[in-house]
Each structure stands twice: as structure tokens, then as C-alpha cells.
Amino acid sequence: MTATGIGAPVRRKEDQRFVTGQGRYVDDFNRPGQAHAYFLRSPHAHAAIRSIDTGPATIMPGVIAVFTGDDLAADKIGGLICGWMIHSKDGSPMKAGPHPALAQGKVRYVGDHVAVVIAETLAQAKDAAEAIVVDYDVLPAVVDTAQATKASVQVHEVSPDNTVFNWHLGNKDETEAAFARAKHVTKIDLVNNRLVPNPIEPRAAVGEYDFGTDNYTLYTTSQNPHVARLVLSAFIGVAPEHKLRVIAPDVGGGFGSKIFIYAEETVCVWAAKKVKRPVKWTSDRSEAFLSDAHGRDHVTHAEMATDENGKIIGLRVHTTANLGAYLSTFSSSVPTYLYAPLLSGQYDIPAIYCEVDGVYTNTAPVDAYRGAGRPEATFVVERLVEKTARELGQNPAEFRRKNYITQFPHATPVIMTYDTGDYAASLDKALEIADYKNFQQRKQESARRGKLRGIGFSSYIEACGIAPSQAVGSLGAGVGLWESAEVRVNPTGSVEVLTGSHSHGQGHETTFAQLVSDRLGISIDQVSIVHGDTDKVQFGMGTYGSRSGAVGMSAIAKAIDKVIAKGKKVAAHVLEASEGDIEFKDGRFGVAGTDRSMAFGEIALQAYIAHKFSGQDLEPGLKEGAFYDPTNFTFPAGVHICEVEIDPDTGVTKIERWTAVDDFGVIINPMIVEGQVHGGIAQGVGQALLEGAFYDESGQLITASFNDYCMPRAIDLPSFQVGMTVTPCPSNPLGIKGCGEAGAIAAPPAVINAITDALGHEDIAMPATPQAVWRAAQKARMPMAAE
Amino acid sequence: MTTVSLTVNGQSVTADVDPRTLLVQFLRENLRLTGTHVGCDTSQCGACVVHLNGQAVKSCTTLAVQANASVVTTIEGIAEGGDLHPMQAAFREHHGLQCGYCTPGMIMSAIDIVNRKGNALDEQTIRAELEGNLCRCTGYHNIVKAVAAGAQAMAQAPVQQAAE
Ligand code: FES
Ligand code: FES
């Protein structure tokens, strides 16, 4: 390992600009002549719009224009799309209602977009929005996930009972048979609470149109600018693809919520041409709560069957997934193909059957949030496994070990083939770091102080590296999920890597440069990473699903291989040897068996001056591109152990220890990987203890600011003990599995398993707030009194 | 319109502003000091923290006119020439940032914590004192380490403390 190569904890190159305030986020861009957009949003969860009178607003000071859905329709601007087709059990396609960028005739959730005001200043736009007169016919709303299909309210005409799809996966008959012969069946009812992603940078967009060239530019907070361009051009029809440049500069966190193509950026691009001015919109936090796609929101009943030896023989799951009022860009894939295929967890379960009902409600659209489907699956599996172990009177760690998959490759009953792993190794290491053997002692010590101590396990698995294009195509994805890269070597030997991945906190400028440094033997300072601009990078699928290492870097590795191959040809001419005798090692091209060699940079120069070979023999220049399509998903897995102490008098749960042992395959930069684990755990702990998005019966979001929605703060979290085990991934050239979501996936069941262990009963929902835990603790003390 | 005159990062500035202009808007829009960020509208996140007369304030909750005749320091104003402030260097060294959006506010708060609480900060103190700063990326683990290390480094670099 070199100081800056693969495996080195290199300090991040991008940090210089971030710690000095020189980062450039979308809201930092101001274009000459820029006007400001403000969206009038629906105050009602469900209403027919009888009329909109924009007249009073248009005469307000500074107002340039006011637009409604009719104006978009007149320009033939299409609706927002959902890019993953799910088919119901009966083979019928999902029922997707219209999703106009600005409402047409109806609003379906609080925050839905009714009109946009473009004005000289944001303050003027806001003032004018208040002058728009909208005559609403307020309708009853459906909010509750579990009740959605039974409600008399109909969110979309296409779906009379609010069902988007009734989908299933697995083998029903085999699963029923397994339950029929089971010795023991454990049942559980779970709610996976709705969350608001809340990257600290709110979404923003600046649209611009150049009448001279007919070119559009959109600066946007996107995790996948090329996908945004494709959707805006091919589906929504705002601008032709080759005329639209999408720039996603520094982006302040995404966690999934910036994958999607939203109404606001659509309107900014379109309006820029209408008003002949650049148009800027920046979300405030209140708007973000209302209109960023939310995450999770499942209601599940699940059962696990075990035989007389304590082996798991079957799992059946029924989930109702709230998709909100409209289908967001990838929403349909999250509770289906990103969920049920993970229900085997780390366990050898011969029969699994899962049914999922996707439903509409009058709430914000729900889509991928860190982990996307996999946290929900892990919560089901790990809560059930824990409860089963308790009911069988078995040690939860050893019950897991007994049921672990140990042979690879392993095909699960839910369409996944796990390629490699060593789950027991992670468990052993985690037990040691967590000092599990002395837990009982610590529990007694807590009891002496009147406190309840509990320990909870989570043996999670996830499918990352999304994904083989053919496979996802057969499951309904509208796109392929490969990644592209281009490696441009300059005459001076410095290198630019153009990647379709996008960094919004992941540190690609450093890790990708480490790969180049490692492979080409040059300093990371000689490498720059170019991303987030469709005019520079030809195409890319973006960053989500922990795919940038496994897929994005594999594309770079493939392009580097081509650069080296071309470099060998150049070297053969320059060193006057046959190409087969040229070796590339430690940054030098040499002739095998001789001391004749030249550095990478010297060969780069020779490739460009092209004096030593004729253009007929070899093309000048040194630049190669590659598209990498993965052969399988990757399967990061690990064991997290959470130890809590509860004060039964206050209900406060304190996390005393957190142990994470993860197998991410080959690690490029351990410092960055550990940081990803920390951040993921914090979001998972947030879900388990603090966070929940709640609507009241009328569909008002009652947790719509940081005052009401409890984000994890430093004081809510412990320091984490992070360990690693490594089984290199055989499915990509670098052996990488991915690390971005592990913590968020692993953490919620670890926390709840610890709390239920401390309480001695299973009756606690997320978020386990002090009030909820206090009630549960009272119940544990006096079963009758708390009823 | 109201006239405000203040010193920002050592430079005097005077401007006519709408009286409702927030200090953060004045910094970002009038002075184009975009290192100070806005992450919320309820004074919760701390992405906007700057120093006003040497003390941390949330610039989203301060009017520009309130800063009249004051000295304001932003994230752009704490490095000495080419050298990072010890707290900036500590955030980089200890990977106390990921997306970087909360970072300017975190660093400005951290320096203020050291000014108030001294250079030997234990984990619990740091976690409690970061109450007004949200980070969604890091889980705070490395921020806590960075603040502790930055606090110690500030003891070794009295020149920069004096520059505040
Ligand atoms: S912007 Fe959130 S506290 Fe100031
Ligand atoms: S580093 Fe992204 S919010 Fe803190």
C-alpha cells in the first residue's frame, strides 16, 4: 500500500474548500439578471381547485410573471414520472395517476404545487404569492397507511381503492408448507416510521435560457444530473437533451432525496425561457419538510417459522407501503425490489413469501431514503429473529449463528444470489469489541442504580452496487444501471477522470484519485475528478444505493486498464521493443528483462507529441472511456450491537455502547468508510429514537420544522466502535461492496432489540421517544396499570 | 432602506439594505460571502453561525441592522494568509465533514466553544455545546474528535486566537 493508494486513510482533497467556505453549492450561484421563484403550495391535503385568480398577484411590486398548471399544459410540458414499472400479482401494471408539476384541477397533499410567482426578489415573490386567490373545494383526506385501501376517499381516479399495486415475491406454496410443519411460529406487527431525509442543504435550482444558442442550463441539487437531464428532456419535455446542460455542483448531502426529479427544477428551466431571465428557487426548510420525498412508512405483519432444532424454515410477510399522493421517480421500486429480496437476511431460510400493497394517501410522495427498502427489510428480519430467539429461550447471538448462511454462492428464495461473506467472523469480532461476555455484569450494575440495561443485535445484509442492467430491466427499471468513466491523460502526465458518479459528501475527489494513483503510480495531486456537469461528463447514472465504489470506480478501473494498454503501445514504439515485451509496473513502462523504462508521464508526453510513431500505426493521444455494467449486486453485511441504559423514571434511553463490524469487501479509504458508517448509524438511531413524520387526520404535517421533527444532535449519540472484516467481492474488478447505507440499515433493529431486551417486552414502536419508553417501562412494571 | 456600516473579516463595508434583511442575507447576497450557509428557518441548524464582536451568533436570526457598527467574522475570515485556522485544520485532519454544508457553522461554533470553555474539552462538553449545530452526514463522531483536537491546537497557536 502506498501512502495515497488503495487502503490508505488519505485526508480529503475536497476539504480545503469546504473548511474555508469556498464550497460552491447551488444557492451560491447567482446568474446575471436572475429573478426569484416562489411556489404557492396547497394548504389542504385534498381539494378540488375551482379557480385560481392570479390577477392580484401580477400587479404586485416586482412581479414578473405568475404561472399555473394551465400555463405548463399550454406549453405541452408533461408530468413528473415514475421510472420503475411494477406489476401486480394479476399481471396488471401499477396504477400511476397524473403528476403535473403545477396542480391541474386538484391538489393531493399539503405542500402540493399550485402556482409559481417569479419576481425581482424573493421577498416580492413571497408577498405576491399571498395575493393569489385560490377557490378550493376541500375534500376529506386519507392519511393513514393501514387504512388507505378502506377509505372512502379516492386520491387518484385510476385507483378507486387507492391501491397502486398488489405485488408479491417468493414461493407461497412452499412457505405455507413450511409453516404447516413448523414447531414454533413467531409473529410480529411492525410500523416502519415515516422519515424526512433532511440533508442540511435544502434543494435549490437555477434555470437559465440563452436565446442566442437555444441552450438551457439548470444548476440543481442532484445526485444524478444526467438522469435529471434525461427525464426533463425525454419525458417531461422541457428542453431537448442536447440543448440542456445540467450542473450539480457541490451538493450538501442527499441521502436519496436528491435523486428525484421534482416540480421545482422543472418549472425553473421552463420559466427561464418564458420570462427571459434566469430563475432561481431555493427551498426553505419548511418547504423541504412538505415537499422533499419522504422515506419508509410501512405497516407490516410478519411471521417466522422454526423447526424442532431451532432452524428457521419459513418467513411470510405482508406489508402495506405508503407511496404518498404521487409516485415519485423511483418510489415503486423501494417497497418491492429493494425490499423483499433482502428478507432472507444473513439466514438460510428455505421458504419466503412476501406480499406488498403499495397505496396512495394524501401525504408527500415517499421514495428512496438512505437504505431504501433494505432498512425496512432488515427491521422485519432482525426484529423477528430476535423475538424468535427470545421465545425459544435461545441466546440471540447464537440463534443467529446457527441460522447463518455459510456456503457461497447462496441463492435465496427471493431472487438474490449472495456471492460471498463470512457472517460468523463479523459476529465474533462484534461480540469481542462489545465485551458481550461481561454484559450481564453491567446489567446488574445498572439494576443496582434502578436503571434498565439491554443489548440488541442486528445482523444485516444489503444489496448494493445497483445494478446489473439486464437484471433490473427484467424487474421493471426504466433505465440500465451501469456507470461510465473517462480517463483523460494530459501531455504533462496529469490525469482528469470524468465520472458519472456524483459526490455529495462521499469524498470521491479523494477516493477516486486514490484508485488512479494506485494504478498509474502518480501522485493524487496529479489527478482531478470531474463530475456533476452534463457538458463535461458524457453520461452517468449517478450516486445512490452505495454504488459509486462498486460500479463507478469499476468503470474508472476499466478505463485505466485501457489507458495502460494504449500506453504500452506507445511505449513499444518509443522504447523500440515489441508490445508484448512492455510491462507496466510502479508507474513505469519498461521492456521486460532490460533496464529500459520510462515513467508514465513521459509516455503520456510521447503519446501527444507523436514523433516516434506514425498515425497509421497508432492514434496519437491518451484518453480512454469505459462503461461498466455489474454482473451482480454486491452484498455488504455485518453485525451491529447496541447497548442501552433506560431510566424507567424518565423514559430516556441512553446508548452506552455501539459496536459495528462490517464487511464492505475491499476498502479504498478506511477513514472515509468509517465516516460513512458513523453517519448511517446516526440516521438509523434517529429513526429508532427520535424521528417521525406525522400527519394529523386532516393531512396537516404536524412535524414540519426542526422544532417539531427531532433530528439527532451530538448529545443524542455516543462515539462508535467500528471494526471491519473483509471478504473481497468477486463480482467487480476492485472487490468493493459499498458502505454508504449500512449504518442506516443496521441501526434501527439494533436499538429496538436493545430497548425491548431492557424492558422485557416487545411492545414499543419507533420512534422510541422518552414518552413512549416511559409508558412501556411502566407497563413492564405494572402490566395492568398502564393499560 | 437603511444604511449599515460594519467590519466584515477586517474590511469596512457600508450598504443600504431593506430593514428586514437578515445578516446571513447581507453576507451571502450583498457581500457574496457564500461560505455562511442557511439550513433552516427556525434557528435550529447552526449552518449560519458567524462571530459578531467575537461571539457566535446565528446570522439567520440576526438582522443586518443589528450588526451595525459591529465586527463580523465569517468562515472566510479565519485562515491566516495561506494557513488554515487550527480548527479548520482539525476538521480536515479528523474527517469532521462530509458534504461540507454544516461545516462553516460547525467550525465557527467550535471556535466559540473554545473561547468560552478553554482548550481542554472533554467529549461530553463538546457534545452538549454543539446543541445548536446539526450535521446530517457525520454522526458527529469525527466532529467531536476534530473539536477536541482543534481546541488543543488553538492553545499552541495564540496568534490566531488573538486575531479573532
Ligand atoms: S440557518 Fe439554521 S440556524 Fe441559522
Ligand atoms: S457534513 Fe454534511 S451536514 Fe455536516
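Predicted model: local features only at pLDDT ≥ 70, side-chain atom pairs only at ≥ 80, totals over all residues.

Guide: Domain 1 of chain B covers residues 2–77 and domain 2 covers 86–162. Where these two domains meet, 17 residues of domain 1 of chain B are in contact with 14 residues of domain 2 of chain B. Together they bury about 1,200 Å², and carbon and sulfur atoms account for 58% of that area. On the side of domain 1 of chain B, 41% of the area buried against domain 2 of chain B comes from B:His37, B:His51 and B:Ile75, more than from any other three residues.

The area buried between chain B and chain A is about 4,200 Å², with 52% given by carbon and sulfur atoms. Across the interface of chain B and chain A there are five salt bridges by the rule. Side chains of opposite charge can pair when their charged atoms come close. A:Arg11 and B:Glu93 form a salt bridge through their side chains, at 3.1 Å from N to O.

Over all chains, the structure holds 55 salt bridges. Another pair is A:Asp27 with A:Lys280, whose side chains meet in a salt bridge at 3.4 Å, N to O. A:Asp27 sits in the loop between helix H1 (15–19) and strand E1 (35–41) of chain A, while A:Lys280 belongs to strand E12 (residues 279–282) of chain A, so this pair ties together parts that are 253 residues apart in sequence.

Strands E1 and E12 of chain A come up again in the pockets. The largest pocket has a volume of about 1,400 Å³. It is lined by 45 residues, and those closest to its centre are A:Leu122, A:Ala123, B:Leu22, B:Gln25 and B:Glu29. Elements of chain A that give two or more residues to this lining are E1, helix H4 (122–129), E12 and helix H8 (285–291); those of chain B are strand E2 (11–17) and helix H1 (23–30). H1 of chain B gives the most to the lining of the largest pocket, with five residues. Sorted by class, the lining of the largest pocket has 13 nonpolar, 16 polar and 16 charged residues.

The second largest pocket has a volume of about 400 Å³. Its lining has 19 residues, with A:Thr653, A:Lys654, A:Ile655, A:Ile715 and A:Asp716 closest to the centre. Two or more residues of that lining come from each of strand E27 (653–663) and H17 of chain A and helix H4 (123–129) of chain B. E27 of chain A gives the most to the lining of the second largest pocket, with four residues. By class, the second largest pocket is lined by nine nonpolar, five polar and five charged residues.

Cavities are the remaining topic. A search of the whole structure finds nine cavities of 30 Å³ or more. The largest cavity has a volume of about 770 Å³. There are 48 residues in its lining, and A:Thr543, A:Gly545, A:Ser546, A:Arg547 and A:Gly740 are the closest to its centre. Helix H14 (508–520), helix H15 (548–574) and helix H17 (670–690) of chain A are the elements that give two or more residues to the lining of the largest cavity. H17 of chain A is also among the elements that give two or more residues to the lining of the second largest pocket. The residues lining the largest cavity divide into 23 nonpolar, 21 polar and four charged.

The second largest cavity holds about 110 Å³ of space. Of the 13 residues lining this cavity, A:Leu80, A:His99, A:Tyr262, A:Ser291 and A:Pro365 lie nearest its centre. At least three residues of the lining of the second largest cavity come from each of domain 1 (31–139 + 201–252 + 258–291) and domain 2 (140–193 + 294–418) of chain A. This lining has seven nonpolar residues, five polar and one charged.

Notes:
Residues numbered from 1 in each chain as written. Chains lettered and ligands numbered in written order. Heavy atoms only, no water. 1 Å grid on protein atoms, 1.4 Å probe; cavity = no way out; pocket = protein on both sides within 12 Å on 5 of 7 lines; lining within 4 Å. Points joined across faces, edges and corners; volume = space filled by probe spheres on them. Nonpolar A, V, L, I, M, F, W, Y, C, P; charged D, E, K, R; others polar. Domains from an automatic or database assignment. Buried area = accessible area lost by both parts, 1.4 Å probe. Salt bridge = Lys/Arg side-chain N within 4 Å of Asp/Glu carboxyl O. Contact = heavy atoms within 4.5 Å.
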